Amino acid sequence: MTLALLFSPQGSQAVGMGRELADVSPAARSCYEEADRLLEWPVSATCWDGPEERLNDTRQTQPCLFTTSLAALAALREAAARGGMVLPVLRAAGHSVGEYAALVAAGVLSFADGLRLVALRGRLMADAGVDGGMAAVMGLDRQRIAAIVGKAGDDLVVANDNAPGQVVISGARDAIAAAEPRLLAAGARRVIPLRVSGPFHSRLMAPVGEALARAFPAAEWRPADPAVVSNVTAQPVVAGDEIRALLARQVSSPVEWVASVRRMVADGVDTFIECGSGAALAGMVRRIAPEARSLTVTDPATLAATLAELRERVPESTGSEAHA
């Protein structure tokens, strides 16, 4: 068995996320305690108690998801080590903001540096002041969607290629509205507006990427171990300088999730473990690569189920282990 660690995207947040893991795992709880201390606002209480409107504000959503994802990973590593198990991790990947958690998991960034960058990303995205939005297009392939939205010029783009028949578009709100009847006429089952504050992963977010890049030198960047699969290129990346350059482009580029999963499978990954809140990525993997196994760590029950499956299939001392 060869593993890839996956980290949850924005939209998977829910009040209460991570609380049960923190109750049973000292390693998970320490992630929340460190986040509270570093950001000087109650990340843990926002995750566990909300209110929902605060958790859904991207200024809070992004640090909360980052912390919850790494708390889930910490709980997994803690439990695996207690059982004498070495996790054979070949790749790490995260969807959108989840890519920052993947970089910490792979040892590229420290938890503190990653959290500070994610908090800045959330503030910059919230304050971008760009009038736009996003919508999920269900039941239509990417090529046909791209052909339709391409008629809007730079005002509308494919933003997330999540899974076959599940593509997100992003851009000016009037361009999304104008494209909807054309998408439905072409065979889309539904076009669902997303509750987001801007046209993320479109060229309109380029200034956010530029501002983030100016903050990158304050962090320490190390080579990735294991390699991290980039949202921008769907290719595994190891060198810190290359990771930084791609990360600056990420917020204004499409998330190439379908291609990322297919590349990981081609590289030998046969089991994916989503760490974080919910199982959005695990569901996408099942649609992209049904031959692969998809596991999750979101609470004590899913942690126990994942460990049980790993015990049956992981040799005691093979592979390399992701950093936390």
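Where does E40 lie? I find E40 in the loop between α2 and α3. My helices (H or I, at least four residues) and strands (E, at least two) are DSSP runs, numbered from the N terminus.

Ground rules before I go on. This is a predicted model, where local features need pLDDT of at least 70, side-chain atom pairs count only at pLDDT 80 or more, and totals for chains, interfaces and linings use all residues. Residues are numbered from 1 along each chain as its sequence is written, and side-chain values use heavy atoms, with hydrogens and water left out.

**Backbone**

I looked up E40 for its phi, which is positive at about 60° although E40 is not a glycine. A reminder to myself: most residues other than glycine have a negative phi, and most peptide bonds are trans.

Two cis bonds went on my list. The peptide bond from G50 to P51 is cis, with omega near 5°, and P51 sits in the loop between α3 (43-49) and α4. D225 and P226 are also joined by a cis peptide bond, omega about 10°; P226 belongs to the loop between α10 (206-215) and β7 (227-229).

**Helix pairs**

Two packed helices are described by the angle between their axes and the distance between the axes. I take axes as lines fitted to C-alpha atoms, for helices over the stretch in contact, with angles running from 0 to 180 degrees between N-to-C directions.

I started with α2 (residues 26-39) and α7 (residues 111-126), which pack at about 60° with axes 11 Å apart. That makes α2 oblique to α7; angles under 35 degrees count as roughly parallel, over 145 as roughly antiparallel, 65 to 115 as roughly perpendicular and the rest as oblique. C31, E34, A35, L38 and L39 of α2 make the contact with F111, A112, L115, R116 and A119 of α7, contact meaning heavy atoms within 4.5 Å. By class I get 8 nonpolar, no polar and 2 charged residues (Ala, Val, Leu, Ile, Met, Phe, Trp, Tyr, Cys and Pro are nonpolar, Asp, Glu, Lys and Arg charged, the others, Gly among them, polar).

Next, α6 and α11: their axes come within 11 Å and cross at roughly 165°, so α6 and α11 are roughly antiparallel to each other. This crossing is left-handed. E99, Y100 and L103 of α6 meet I243, L247 and Q250 of α11.

For cavities and pockets I used a 1 Å grid over the protein atoms alone: a cavity is a set of points where a 1.4 Å probe fits but cannot get out, a pocket is an open set with protein on both sides within 12 Å along at least five of seven lines, and lining residues have an atom within 4 Å of a point. Grid points are joined across faces, edges and corners, and a volume is the space filled by probe spheres set on the points.

I count 1 cavity of 30 Å³ or more. The largest cavity has a volume of about 50 Å³, and its lining is E99, L103, V228, S230, V237, I243, L246 and L247. α11 gives the most to that lining, with 3 residues.

The largest pocket comes to about 740 Å³. It is lined by 30 residues, with Q10, G11, S12, L194 and V196 nearest its centre. By class, that pocket lining has 14 nonpolar, 13 polar and 3 charged residues.

Methods:
Left-handed = near helix turned anticlockwise from the far one by under 90°.
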